[in-house]
Amino acid sequence: MDGSDNRHVIAVSDAEALAKIAAERVLARIASNAGRVAICLTGGSSPKRLYQLLATDTYRNQIPWDRVHWFIGDERFVPANDPLNNMGTARQIFLDRCAPASNIHPIPTDTADPEQAARRYESQLKSFYGADRLDSTRPLFDVVLMGVGPDGHTASLFPDYPAIAETERWVVGVPEAHVEPFVPRVTLTLPALNSCREMLFEISGLDKRAILTRVLAGESLPATRAHSVGETIWLVDRAALPENFRER
Ligand code: 6PG
């Protein structure tokens, strides 16, 4: 399965509209689960506006913070307070102001190496999930946010790296990145990322158009292979949308 079968592309006007629709979708997923909610955040610049919106009164007041847990799909292996740290960025923009500390689940980066961090995070995820094996009828996450890089990577799953082929592990260490920033990474694998009710890609700007053209053509890239066991949404703004592409 290449992931295109449950993929739905939603075209929006610009980055601001994109962040608002993403925020509405996150809220809708939270509202549809009366129990404990798990949201897997992402790094890079694409989700920053969404994070800012979630901290504004309009959205903040609608989130039952006590029962929402926040994870991260990949991390740069740098100290928690380094500007490159993905969870550090999310914490700074909204989590530290809004979420109880015990509901924030960063990938540790104070371990000996990325592999040890990966093992530790995998065991945290398994204990949160309450089982060692993923059951597609009971997804790990309610929402997984994603971005795409110029080489078609998503999370820190780079084209042709062993991590993309992983079928057992939930989290792995990635000793070298394929694109900037060139720091080691820790990433959730496809089995873990795909275990969600909704996977939500945010794709904005002309710079993304070339790679999005390849993804939508079905080329086998990590971002194409990432797809939820539930719904997979690609939120795309006009600048990023390939010419002649119509909503499907
Ligand atoms: C990371 C990300 C990565 C990111 C894409 C897109 O740690 O770098 O999680 O997968 O989502 O590279 O990045 P931008 O949003 O900055 O374009």
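Reader: What makes Tyr129 count as buried or exposed?

Author: The model is a predicted one, and in it Tyr129 has a relative accessibility of 5%. Buried means under 20% relative accessible area, so Tyr129 counts as buried.

Reader: Why is the pair of Tyr129 and Trp170 called edge-to-face?

Author: The ring centres of Tyr129 and Trp170 are 5.9 Å apart, and their planes stand at 75 degrees. Rings pair if their centres lie within 6.5 Å, and planes over 60 degrees apart count as edge-to-face, so this pair meets both conditions. Tyr129 belongs to helix H5, whereas Trp170 is in the loop between strand S5 (141-146) and S6, so the pair ties together parts that are 41 residues apart in sequence.

Reader: Which charged ends sit over the rings of Tyr129 and Trp170?

Author: Over the ring of Tyr129 sits the charged end of Arg138, 3.9 Å from the ring centre, while the charged end of Lys126 sits over the ring of Trp170, 5.3 Å from its centre. For such a description the charge has to be within 6 Å of the ring centre and within 35 degrees of the ring normal.

Reader: What makes Phe71 and Phe128 an edge-to-face pair?

Author: The structure holds 10 aromatic pairs, and in this one the centres of Phe71 and Phe128 are 4.9 Å apart with the planes at 70 degrees, so the pair is edge-to-face. Because Phe71 lies in strand S3 (residues 68-72) and Phe128 in helix H5, the pair ties together parts that are 57 residues apart in sequence. Both Phe71 and Phe128 are buried.

Reader: How do you know that strand S9 is largely enclosed by the rest of the structure?

Author: Strand S9 covers residues 231-237, and six of its seven residues are buried, so the strand is largely enclosed. Strand S1 (residues 7-12) runs parallel to S9 and is joined to S9 by six bridges, with Ile10 standing opposite Leu235. Strand S8 (residues 196-203) also pairs with S9 in the parallel sense, over six bridges, and there Met199 has Thr232 as its bridge partner.

Reader: Why are strands S4 and S6 said to stand at the edges?

Author: Their open sheet of three strands has the order S4-S7-S6, with antiparallel pairing. Strand S4 (74-76) and strand S6 (171-174) each have a single partner strand, so one side of each is left without a neighbour in the sheet.

Definitions and conventions. Residues numbered from 1 in each chain as written. Predicted model: local features only at pLDDT ≥ 70, side-chain atom pairs only at ≥ 80, totals over all residues. Heavy atoms only, no water. Pairing = 2+ DSSP bridges. Helix = DSSP H or I, 4+ residues; strand = E, 2+ residues; numbered from the N terminus. Buried < 20%, exposed > 50% of the residue type's maximum accessible area, 1.4 Å probe, protein only. Phe/Tyr/Trp six-rings, centres within 6.5 Å; stacked < 30°, edge-to-face > 60°.
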